[in-house]
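Open the model in your viewer and get ready to select residues as we go. We will visit its pockets, a cavity and a hairpin.

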Amino acid sequence: MNVLAFDVGGTSMKYGIVSSSLEIVKKGILDTPNNEIEFLNAINEIIESYKDDYEKISIAMPGFINKNENKFLYGTNIKFEIDFKKIINFNSDNFYLDNDGNVAAYAEYIQKYKNEYNNLIMLTFGTGIGGGIILEGKLYRGAGSAGEIGHILVSDNQNNICNCGKTGCLESIVSARVWTEKCNELNIIDKSTELSKAYDKLGIGSIIFDKSIKLTPKELEVRENLLFYLSRGLVSIFEIFNNDIFLLGGAMADNPYDLKSLLNEYIEDNYKFEARRFPLIEISNFKSDSGVLGAAILALNE
């Protein structure tokens, strides 16, 4: 059985045909549309293009959903409702909808960690920061939309205005989009540094976490500030959930550089946990495909 799986982000939308053995046999990507009509048109075009290649459709969305109504309600980076019952040849028996952070965490847990840990928390870094929470082996939803980790408040700086309307959200300070913005700003200041040259060549914001690059004092200050807020977010989450492991995913997982070791070092140097061990920090096994694979696993397992 094959699944046509979508991983929708605030900037781009990935999709693929995923087999029951979790092989992505076909894949593609396009810019995320700006309204419901354009969004559904894009989905319908892909559905038609692959109509002979799948038996189920599964979509992972970045924000609040209503599974019973098959609707996307709202996201900080997609601020319009989408009624998926409007897609071509809609059939609720072969259609699945969930939050992108949820499906990514679920995929990692089911495929990689089910026999090792009971409590896993995943953060996905992209335009925003998504999240998925596995507690005692089950996906935790709270009253329906738990896991919006990107919107925990970690700063009292009123200038850090998030797309959600609050100030001080983790997402507004350390999303992968922000890493890229910081590299752009540093590049404008001085194009001759090792970091600027590497960024000019690769265009990847996570390059700021490459420990092999010698940073200027200003660049080091920017990286330390990112690590400060990333660590503050992780430590806050740990104090609430006492989880076994953190997974970092999203597009950045294809090129994480030394983010994992830098975070471990920063937390060890700046925080103490009496009679407890801070969770492992790992990079997503499925890398940037975790959302597509997670959406497919959701459909295959139900």
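Begin at the second largest pocket, whose volume is about 250 Å³. This is a predicted model, where local features need pLDDT of at least 70, side-chain atom pairs count only at pLDDT 80 or more, and totals for chains, interfaces and linings use all residues. Residues are numbered from 1 along each chain as its sequence is written, and side-chain values use heavy atoms, with hydrogens and water left out.

A pocket is an open set of points on a 1 Å grid over the protein atoms alone, with protein on both sides within 12 Å along at least five of seven lines; a cavity is a set where a 1.4 Å probe fits but cannot get out, and lining residues have an atom within 4 Å of a point. A volume is the space filled by probe spheres set on the points, which are joined across faces, edges and corners.

Select Asn160, Ile173, Val178, Lys182 and Asn225: of the 14 lining residues, these lie nearest the pocket's centre. Next, colour helix H6 (217–241), which gives the largest share of this lining, six residues. Helices (H or I, at least four residues) and strands (E, at least two) are DSSP runs, numbered from the N terminus.

Now move to the largest pocket, at about 840 Å³. Its lining has 47 residues, with Gly9, Phe125, Gly126, Thr127 and Gly128 nearest the centre. Show helix H4 (176–189) too; with four residues, H4 gives the most to this lining.

For the largest cavity, about 70 Å³, select its lining, including Phe64, Asp98 and Arg141.

Finish at Leu22, which takes a positive phi near 65 degrees in the hairpin of S2 and S3.

Conventions: Two strands pair if DSSP finds at least two bridges between them.
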